[in-house]
Amino acid sequence: PSHKDLSYTIEYTSHPIWYAIQSLPYMASSGQESTNALMEQVFTNLLARKIVTDNPGIKTVFDLWKGKDSNALLSNLNKNTELKSVLLQETPWVMDAQSEDKQKQNIALLFDINNLRQQVESNLSKLSQRQMPSGGFAWFTGGREDEYTTQEVVSQLGHLQHLGVIDYSDPFIEPLLTKAQSYLDMAIADRYKKLQESILKSKGNIFDDHLDDLSVHYLYLRSFYPAWKTNDINREAINYYTEQTKKYWLKRSLMSQSMIGLTLHRAKEKPTVDAIMKSLRERATTSPELGMYWNEGNGFYWYQLPIERQSIMIELFSEVGAKQNELAQMQIWLLKNKQTNRWKTNKATISAINALLLNRGKTSLVTGWLAEKTPPEITIGGTQSIINTDAQAGTGYIKRNYLPPAINKSLGDITITNPNENIAWGAAYYQYSETIDKVKAFADTPLKLKKQYFKVITTSNGEKIESLTPSSTLKPGDVVKVRVELSVDRAMEYVHMKDQRPSGFEPLNVISSHRYQGGLSYYETTKDIATHFYFQYLPKGSYVFEYPMVVVHRGDFTGGVTHIESMYAPEFGSHSEGSRIKVEGK
């Protein structure tokens with residue numbers, strides 16, 4: 001038979017939340033100089049200190065990562081090379097992998113308690129020095145006060161207090177917050193005054209929708225501080241914008257709706273909060289694979305970012321009261337996103353980690369997922385048990401590889417019992433060799449491919465194409481167009497697609513270049529036997545790729561298959577079906 005077994009691999013990760021924790025060093029070592037980046041470093045240092053304090057044994061995990069479990073400190077781009085169809089060195093992303101390797105290798109330094117103490121004091125001191133006499137913060141030193149930057153500083157400190165990481169009475173934090181409150185209270189009052197003047201000038205109606213996202217953000221961050229009182233300066237503005245949120249919340253973005261829900265919940269405005277929660281549940285998408293999430297797409301503004309949006313949704317549902325399993329389902333989406341993406345921005349990472357540590361309403365991190373250590377029970381083929389003794393520290397990652405003649409159908413029977421409340425995941429990879437034209441399409445995957453060939457025909461009205469069928473005739477010199485249709489059900493990063501050509505054909509596009517079509521940017525390069533497509537970011541959706549080739553030889557050729565895989569998570573891959581093409585003419 002042409003079908004031959006090559007290998008069978010099983011992977012299982014019992015604590016994938018550690019992959020999110022491994023993202024923290026990126027922020028601590030960020031070379032950015034903005035106030036936002038400094039605040040994110042403060043957040044990282046304080047959160048790391050809390051994790052170490054609540055989990056004294058965490059140092060052991062880092063020591064094992066530096067020793068026998070050093071593979072844990074590799075970028076996902078560098079892992080599982082035997083399961084990938086292209087070497088990392090052949091892709092445009094080799095420097096990204098090196099960057100993430102370095103990030104992970106610095107994690108032990110981040111969680112060193114002596115280093116943490118020094119970093120916390122140093123960064124809090126720098127933050128205090130950046131505060132201007134008015135109480136506001138500039139985006140960069142030397143600039144003017146910026147409301148959003150100031151609001152972000154105050155908001156992140158509110159999140160840290162909500163997680164039990166800091167106390168407002170801290171000698172560094174209390175004076176900073178007092179001055180920032182004064183600045184923000186003046187700013188909201190001034191914004192309201194300008195709005196009134198603008199409406200008066202345009203003869204508009206003050207009761208129409210004048211709600212802006214910056215004001216929503218102000219009300220949200222203020223809700224973290226119940227001791228803050230309104231005063232004669234800002235009382236009218238706060239009351240006005242609060243009423244606006246209750247009246248026009250449905251017209252705002254999902255992220256702003258979540259902020260409004262949290263603000264009104266903390267203000268005991270139950271009827272509006274109930275309406276918001278009902279609406280969000282009706283618009284949610286739920287799947288066994290991706291959990292519970294919302295489809296609003298990506299944008300360029302701070303309130304249109306998907307990771308931050310999902311994170312604040314989790315915050316809302318956690319605080320207002322999630323129904324059974326809703327919170328875990330929403331956290332699944334974040335972890336599945338981390339599985340196939342590298343969180344490259346500080347804000348996305350701290351938002352996600354904050355949401356993942358909101359563990360079913362518990363505020364102490366030691367009672368959460370990080371503390372769950374009971375190993376899973378994994379049985380293969382009904383009899384073989386995978387022993388957990390050599391599982392990777394922290395993540396609980398296990399990998400088993402089987403080679404012929406040990407490969408048999410019973411290995412496909414995998415039973416896993418997870419004794420913990422945390423999310424876990426796994427994958428099985430079967431590698432085999434087969435004659436190309438006998439390969440069947442693999443559709444049971446988030447990535448789906450369909451490949452077609454078309455003959456280009458020149459007519460008096462221009463060119464037209466007709467689909468190749470078994471009865472189609474081709475001759476040397478004919479031009480054939482390849483069409484590959486790709487569908488993906490989630491956003492992914494670092495995706496490689498390889499389209500093999502029949503050996504009797506030559507491509508007409510031979511210059512490698514970056515291309516852009518339908519909102520998708522990618523790099524296309526032509527090699528000896530295939531055309532390669534590299535997607536640094538592949539959004540959810542459907543895409544069509546076409547390129548021409550010319551017939552150069554007569555013969556009976558295998559059509560080649562199109563193969564696609566996530567370089568970050570090779571368990572996500574697919575291929576088209578095989579085919580044959582005959583060239584008979586002279």
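Strand 4 (residues 377-380) and strand 7 run antiparallel and are joined by four bridges; strands here are DSSP E runs of at least two residues, helices are H or I runs of at least four, and both are numbered from the N terminus. Within this pairing, Thr-379 has Thr-415 of strand 7 as its bridge partner. Two strands count as paired if DSSP finds at least two bridges between them. By that rule there is an open sheet of three strands in the order 5-4-7, with antiparallel pairing. Strand 5 (384-385) and strand 7 (414-417) are the edge strands, each pairing on one side only.

A word on what you are looking at: this is a predicted model, in which local features need pLDDT of at least 70, side-chain atom pairs count only at pLDDT 80 or more, and totals for chains, interfaces and linings use all residues. Residues are numbered from 1 along each chain as its sequence is written, and side-chain values use heavy atoms, leaving out hydrogens and water.

Now turn to the helices. Buried residues (under 20% relative accessible area, 1.4 Å probe, protein chains only) of helix 11 include Ala-237, Tyr-241 and Tyr-248. The buried residues of helix 11 pack against helix 9 (173-202), helix 10 (213-222) and helix 12, where contact means heavy atoms within 4.5 Å.

Conventions: Buried < 20%, exposed > 50% of the residue type's maximum accessible area, 1.4 Å probe, protein only.
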